[in-house]
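This report describes selected features of a protein chain, from the pairing of strands to the surroundings of single residues. The sequence and the model are shown first.

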Amino acid sequence: MKKSVFAVLLGMIMGLYSFTAFGQGTITGKVVDAETGESLIGAAVTVRGTTIGTATDFNGSYKLQVPAGEQTVVFSYIGYEQKKQTVTVKNGAMVDMKKVSLKNDAVGLSEVNVMANVAVSRKTPVAVSTIDAKTIQLELGSQEFPEIMKMTPSVYTSKLGGGYGDSRINVRGFDQRNVAVLINGIPVNDMENGWVYWSNWAGLSDATRLMQVQRGLGASKLAISSVGGTLNIITKTTDAKKGGFAQYGMTDYGRRKYMIGLSTGLMKDGWAVSFIGSRTEGTGYIDATWVNAWSYFLSVSKQLNDKNLLQFTAIGAPQEHGQRPNDEYSALTDAEHNAMGSKYNYRYGYLDGKQMNEKVNYYHKPQFALNWYWDISDNAKLKTSVYASVGRGGGSGLLGRKYGPFQYNGQEVPNFNYKYDVPRAGIGSAGWNIADHYQLEDFNISRAANLDAASNGEGAVQILRNSVNQHNWEGILSSLNQRLGEHLNLVAGIDGRMYKGMHYREVRDLLGATYYDDSYAGYKSGNAMAKKGDKIDYYDDGLVNYLGGFSQLEWSNDIWSAFVAATVSNTWYKRIDYFTYDSNKYNDGTYNGAPNYTGVKSPTKNQLGYDAKGGVNWNVSPRSNFFVNAGYYARAPYFDYVFINYSNDVNPDYTTEKISSIEAGYGYKSKKFDAKINAYYTQWNDRWTQGSYYDDASTKHTVYFKGLNELHKGIEAQLKYNPTHWLRLAAQGSVNDWHYTKDVNVDIFDANRQKIGSATVYTKGLKVADAPQTQFGLAAKANLTKQIDLGLNWLYNADFYSKFSPEKRTSAADREQPWKIPNYNTLDARVGYAFKIGTLDSYLNMNCYNVFNTSYIADAWDGGSGVGKHTRDNMVGFWGFGRNFNFSLRVNF
């Protein structure tokens with residue numbers, strides 16, 4: 001032992017002597033991506049066998065003092081293959097190692113990047129923010145996947161009701177129906193309404209390698225929903241290196257996540273397999289929003305030869321979770337919030353002593369893709385993806401519930417389920433009980449009412465139902481990349497999709513009854529003896545087929561890059577209804593007690609769509625660049641606006657929505673400072689939407705807008721500063737103006753889908769709501785030691801107008817802005833510790849969200865109608881989450 005210690009000490013002394021005797025020199029250089037040529041910021045540069053090292057700056061450059069003599073320099077970066085180079089350094093000399101190119105460590109990643117149109121800095125002329133896998137791994141924690149983007153200019157995310165995967169995102173004032181989401185270049189927005197349900201993609205964060213938020217029309221060549229922007233998500237492909245990891249995470253409120261990743265690496269026969277799986281369970285932050293979920297990601301690659309690569313991917317997340325509704329929740333007064341807190345959920349109760357949430361979402365939407373990458377020649381490459389998605393699931397709720405008396409077989413029956421309509425004046429008085437006033441009563445009361453009705457030979461007064469939404473989706477995406485010259489390139493391809501959505505309600509739980517009578521409403525199924533699992537209320541299919549062609553011509557050199565692109569497409573719509581129409585009636589108008597499963601088909605309708613866009617980037621110097629882009633998009637309407645009021649009747653006025661946009665920006669990049677500033681102007685004309693209209697007799701009608709126009713404009717900035725190799729600072733901000741540009745006429749349809757008139761809606765000058773129009777954020781990341789790092793994210797939101805229904809603005813005098821949510825700011829913090837478990841690299845991470853436990857309103861709906869009614873008292877919505885924690889441990893092997 002003494003000899004060993006002595007040897008170590010002697011070695012240290014000799015090492016010190018050697019360093020002193022032989023002196024030192026300096027090495028410099030730059031580290032870039034081998035495929036794109038982009039700088040790799042934060043790449044590690046170390047001298048093998050020593051503790052000497054540094055990280056590259058914003059320009060990918062480094063400068064490092066090393067011992068004189070022959071040294072082996074190691075270059076490494078997460079997601080890339082490690083590279084070693086030997087260099088001889090003389091005492092006092094400086095050696096330029098020039099440019100070192102690192103290859104990504106995943107099979108087929110470069111091909112995916114091309115298919116997905118990943119934007120390249122100082123080349124692609126769009127406003128873009130890039131988030132890498134490391135940032136997602138460290139900062140996301142227990143947050144919803146969209147929330148990793150909240151430090152991006154003009155992007156707002158919220159958890160809405162707070163259920164697992166129930167979050168939303170808004171980009172430049174456009175909701176996610178108008179923000180395209182692409183996974184490896186494949187569009188995933190719902191083809192009937194454009195929505196993205198993040199609970200269906202709950203495992204996506206585990207498998208994401210890179211995500212780009214392309215604001216504006218974006219770099220994609222497809223005709224997609226990128227009115228406000230594009231979320232370009234690149235998943236991990238197949239790791240070229242053998243290994244894996246295991247991870248465990250938990251929150252302070254009781255949710256747990258277990259995850260494992262395995263990879264064979266690229267084997268000698270050309271096969272490679274990678275898998276990531278996770279399990280999430282436990283309680284949610286919001287009352288009764290429990291979760292029971294799995295997720296999986298599988299990638300299998302086969303290198304057929306040096307010109308052909310096949311790659312299969314499968315991603316899915318079967319899950320079930322409790323929800324808090326997004327529509328009727330009464331945003332509490334300050335007194336109520338202080339009494340009940342931000343976790344309050346009024347839509348759950350108890351059955352046989354067990355907690356039961358009325359609102360439950362359950363779904364599984366796996367997506368499968370087979371990609372073929374063919375290098376036809378040095379100048380021609382073909383990339384093709386054939387994919388399919390099969391969605392199965394729905395959501396539950398009460399059926400028969402009303403706020404007033406409920407009509408049952410022509411007679412009024414009492415409301416058995418809610419007491420929240422008791423006047424709020426009783427708050428704080430003697431005997432006041434939160435549950436009595438605001439929480440769903442015991443489900444046993446409903447069951448007792450059902451049993452009582454059954455004893456009289458009657459069906460259920462109230463039941464739990466499932467609203468089922470299933471779909472089958474198949475598609476093909478193929479593009480040919482043809483180099484026409486040294487600087488000129490042509491990309492052309494096809495985009496085809498076939499979609500069938502299947503929608504119905506079914507009996508979930510009879511709550512003690514023996515059947516449910518669905519014959520009281522003449523337009524429904526007429527199933528008078530519905531049992532558990534039987535279809536009730538509505539049953540229809542929506543068919544949407546799409547075929548488009550696209551082309552893009554690109555020109556680039558070291559100084560200039562430019563593109564022009566065009567797309568033309570046709571969308572076909574068809575609807576099949578199994579319940580609504582008279583085929584299930586007898587001649588006397590009564591119902592036959594059974595649905596018509598053959599269905600009544602609508603006519604097939606279609607709509608042509610097209611777009612054209614172009615842009616130029618000018619690299620003025622090695623540090624500065626300017627870009628400009630512009631485009632016009634005639635978008636076919638979503639399925640929901642083609643057919644009137646959930647029927648086969650065709651809206652006679654449906655047409656394309658028109659979007660025009662122009663944008664310009666400036667970028668500056670030096671070794672320590674990086675800045676991006678841009679301005680945009682987007683006009684959205686003939687926007688389609690629908691709503692409810694009440695006449696003077698308080699009769700409810702459906703209205704469809706035509707000519708609803710919006711203007712979105714603003715300035716955005718992102719700044720980064722790297723004062724030392726261990727500290728990184730960042731700032732982002734956006735100042736926007738989103739508003740309606742004119743008053744608009746609406747068509748009014750009655751319950752029989754007949755047009756009965758029109759009305760003027762006074763929207764000119766009103767703010768487009770649902771996201772803050774002013775945002776500022778600051779971020780800091782610090783490596784305090786080689787083992788300890790920490791991060792801070794501060795975000796400020798202002799000029800945030802509550803969402804409102806334009807159809808309620810029917811008075812020319814009512815031009816008051818919707819209620820404005822109070823400005824607020826939040827701070828998130830994290831700390832990490834890297835260490836070894838035996839020989840395995842391990843990492844312990846802790847996130848604290850909303851450090852100062854700030855109380856703020858995250859979502860709001862302005863329920864006021866009339867002059868002076870757009871106030872806090874007429875607002876409903878959700879409070880944001882209070883302070884909460886996430887802890888995780890990851891072990892790599």
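Two strands are taken to pair if DSSP finds at least two bridges between them. The model discussed here is predicted.

**An open sheet**

On that criterion, four strands form an open sheet in the order β40-β41-β44-β45, with antiparallel pairing. β40 (690–694) and β45 are the edge strands, each of them pairing on one side only. Direction ignored, neighbouring strands of this sheet are turned against each other by 35° on average. Six bridges link β44 and β45 in the antiparallel sense; Val746, for instance, has Ala759 in β45 as its bridge partner.

In soluble globular proteins, nonpolar side chains tend to be buried together. The largest nonpolar core of the model holds 29 residues, of which Phe705 and Ile857 touch the most other members. Among the elements that give two or more residues to this core are β41 (700–705), β44 (744–749) and β45 (755–761). Residues up to four places away in sequence aside, Ile857 touches Trp819, Ile821, Tyr824, Arg872, Met875, Phe878 and Trp879. Another core, of 27 residues, lies apart from the largest one and includes Ile136, Leu140, Val179 and Val181.

Is Arg497 buried or exposed? Arg497 counts as buried because its relative accessibility is 9%, which is under the 20% cut-off. This residue lies in strand β32 (residues 488–509). The side chains of Arg497 and Asp495 are joined by a polar contact of 2.6 Å. Leaving out residues up to four places away in sequence, Arg497 also touches Pro187, Met191, Ala223, Ile224 and Tyr387, together with Trp473, Glu474, Gly475, Val544, Asn545 and Tyr546.

Asp306, by contrast, is exposed, because its relative accessible area of 69% is over the 50% cut-off. Asp306 is found in the loop between β21 (291–303) and β22 (308–316). Although Asp306 and Trp374 are 68 residues apart in sequence, their C-alpha atoms are 9.2 Å apart in space.

The accessibility of the two residues is set out below.

| Residue | Relative accessible area | Class |
|---|---|---|
| Arg497 | 9% | buried |
| Asp306 | 69% | exposed |

Technical notes
Residues are numbered from 1 along each chain as its sequence is written. This is a predicted model: local features need pLDDT of at least 70, side-chain atom pairs count only at pLDDT 80 or more; totals for chains, interfaces and linings use all residues. Side-chain values use heavy atoms; hydrogens and water are left out. Buried means under 20% relative accessible area, exposed over 50%, partly exposed in between (1.4 Å probe, protein chains only). A polar contact is a pair of N or O atoms within 3.5 Å; within protein, one must be able to donate a hydrogen and the other to accept it, and residues adjacent in sequence count only if both atoms are side-chain atoms. Contact means heavy atoms within 4.5 Å. A nonpolar core is a set of buried Ala, Val, Leu, Ile, Met, Phe, Trp, Tyr and Cys residues joined through side-chain atoms within 4.5 Å. Axes are lines fitted to C-alpha atoms, for helices over the stretch in contact, and angles run from 0 to 180 degrees between N-to-C directions.
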